[in-house]
Amino acid sequence: MAVVTLQIDGHVVAVPAGTSLLAASRAAGLELPVLCHLDGLTPVGACRLCLVEIEGQGKLQPACTSEALEGQVVATNTADLRQWRRMAVELFFAEGNHVCAYCVASGACELQAMAVAVGMDHSRFPYQYPLRQVDASHPLFSLDANRCILCSRCVRVCAELEGAHVWAIAERGRHCRLVAGLDQPWGEVDACTSCGHCVEACPTGALVHKDDSTAEKQPHPAPALQRRRIHDQPGRPDP
Amino acid sequence: MSRTVIIDPVTRIEGHAKISLHLDGEGRLAGARFHVVEYRGFEKFCEGHPFTEMAGITARICGICPVSHLLAAAKTGDKLLGLTIPPAAQKLRRLLNLAQICQSHALSFFHLSSPDFLLGWECEPARRNLFGLMAADPDLARAGIRLRQFGQQILELLGGRKIHAAWAVPGGVRSPLSDGAKAWILERLPEARATARLALDRFKPLLAGPLQREQQLFGQFPSLFLGLVGVDGEWDCIDGQLRLIASDGSVLADHLNEDEYASFLAEAVEDWTYLKFPYYKPLGPQAGMYRVGPLARLNVCERIGTPWADAELAELRAHHGRVVTSSFAYHQARLVEIVACLEAIEQLVVDPDLQDRRVRLRGSLQCQEAVGVSEAPRGTLFHHYQVDDNGLITRVNLIIATGQNNLAMNRTVLQIAREFIPGPLAAGAEIGEALLNRVEAGIRCYDPCLSCSTHAAGQMPLRLQLVAADGQLLAERSRG
């Protein structure tokens, strides 16, 4: 097995060739902030929080989708990076309608925790207040598009773990949105097996159990994707 | 030329308001208006949200009485789910509401109103507040603050936080009472009882002395009274059914079904205030004026059901008659209700049901419209939701306690102003401090929560304006 050796924040790390910079950083004991990444799913580099500086490269690279290469000198925690990360989180908040006060995921929300972690006490960008809908047509779960950050963890977990391919990101740019089936009400999508993996994988309160109310969503047991079945949960009806 | 006196902002109440006194061409008092000048629009922006989130959303209407909205929303949710919640959940919700009423009444009496009685009306406004009370009577002030803390701490012990704990949910509550919480409540109850005793002992002698005039002056008029009563007509704060009585004590309507509130309650709207004017529909907006809150609850019930509170109620009735019609008695009613809450908490907290783990049921949507009702500290609170097939809110109507007292508050302001402006007011005449104090205190009897009543927020200083018949502002005093 080929091994590459590189420097991350001054630590010399040797990892198997093909390892991502995110995994290499973790091997060096460094935890990078992530929102779209979930161990076990294909990385996509959507959230831009794990951006790192690589010596000799003019632009920042997402650690989750960048391969660790021999001799690289990588910085993961510079003042510039902290600034960009905070800005990325501010943009998430400005782009959607994230009201922690009554959100189902408050206390278990990875976006909320990230805001605290990056020191975001307000957004410097004007809130967009987009008009978005709640899709509660599924008998067990609901999708609140106001809280979706388009991380695509649900898309990937549904495709890669459950094989159901219910979710997709539709449209372009600021019109991007999560859709079920062929942009149908979720409850009408035959492909959905009601496994609940998407709800478990969602980092915010966008995908939730319908009968949960404010601050009742359970935190994701990252890094391992919890594979509990819906009917194993006390008090929940069988799917 | 007629004119108007405006008090803006009104101080030591929860929210933001102003008062205007309107004079006719001869300078005689022609009318008085209590204006609520904020708007938040909760009923509109709740639309499109799942009904399961309504408890969390509506609790944010107010930081003083979020529990009231939480309970009304949870009860409405129970009905949408077609659930009869477990007995443990019913009792735990009751405990939560008792603690809430206790802390809110303590806030109203000790923090907001008692400086008027204990420091005197003529005490300068800068000192006539809780800090003035702390300087004059630190033991009483400290006891009052700790009584409020007692109630607040129970809210935290049950719900995890003092304010905006989303603990009551459709189907029940989230957790039972812990051993530690039970022990804490039992340990602190004697001190809370002693504080209630102290407040009653300090307040009641004033009624026969320096506060006699206020009792006749502050909202002393006949009206209807609305509140929940238990199955045997006893005092209730969360379950039970609605009863409406007249000021002669006759029961006008009993066992009113909250689902049909629109058949017996109507809301009038005026263009000079964001606060609506609910009234008893069959009698119209004039004769249908009714009051809610602690005084109304004591008026509509047969008895309270605990010994000390019943003795206090008997004393109140012996002084005023079976139905107490002076709004100044709201203060005493609050103290009686504090006693009622403490006694009820004492009985409830040792009930083993409170520690039963079966506190919540889950279910699916059974109907598309429901009304939930609970007694907030300030009176009866209605939450009315309509939802679509998937449980998303399509329409919300909230009828808030303070709103239901709106007609009475306006009438109270007019009654007080008539006393202090008996004849024509000369052009350019100063608005006296005595009027300013009494008008403000008249409103304060109702402990209005304007954040709730308009579903609006803010601090509440006082502004009073004197306005001529042609709308010209003649004089203005403000404080806060």
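Me: Two strands pair if DSSP finds at least two bridges between them. How many bridges join strand 1 of chain A to strand 2 of chain A?
Reply: This is a predicted model, in which local features need pLDDT of at least 70 and side-chain atom pairs count only at pLDDT 80 or more, while totals for chains, interfaces and linings use all residues. Residues are numbered from 1 along each chain as its sequence is written, and chains are lettered from A and ligands numbered from 1 in the order in which they are written. Strands (E, at least two residues) and helices (H or I, at least four) are DSSP runs numbered from the N terminus. Strand 1 (residues 3–8) and strand 2 (residues 11–16) of chain A run antiparallel, and the number of bridges joining them is six.

Me: What separates the centres of domain 1 and domain 2 of chain A, taken over C-alpha atoms?
Reply: Chain A is divided into domain 1 (3–77) and domain 2 (85–232), with bounds that come from an automatic or database domain assignment. Their contact, counted where C-beta atoms placed from the backbone lie within 7 Å, takes 13 residues from domain 1 of chain A and 21 residues from domain 2 of chain A. Taken over C-alpha atoms, the separation of the two centres is 25 Å.

Me: How many residues of chain B are in contact with chain A?
Reply: On the side of chain A that touches chain B, the residues divide into five nonpolar, six polar and three charged, where Ala, Val, Leu, Ile, Met, Phe, Trp, Tyr, Cys and Pro count as nonpolar, Asp, Glu, Lys and Arg as charged, and the others, Gly among them, as polar. Chain A contributes 14 residues to this contact, and the number contributed by chain B is 15.

Me: Is helix 7 of chain B roughly parallel or roughly antiparallel to helix 13 of chain B?
Reply: Helix 7 (residues 179–207) and helix 13 (residues 329–348) of chain B pack at an angle of about 160°, with their axes 10 Å apart; axes are lines fitted to C-alpha atoms over the stretch in contact, and angles run from 0 to 180 degrees between N-to-C directions. Among the residues making the contact are Leu189(B) and Phe203(B) of helix 7 and Leu335(B) and Leu342(B) of helix 13 of chain B, and by class this contact has 12 nonpolar, one polar and two charged residues. Angles under 35 degrees count as roughly parallel, over 145 as roughly antiparallel, 65 to 115 as roughly perpendicular and the rest as oblique. Helix 7 of chain B is therefore, relative to helix 13 of chain B, roughly antiparallel.

Key. Two residues are in contact if their C-beta atoms, placed from the backbone, lie within 7 Å.
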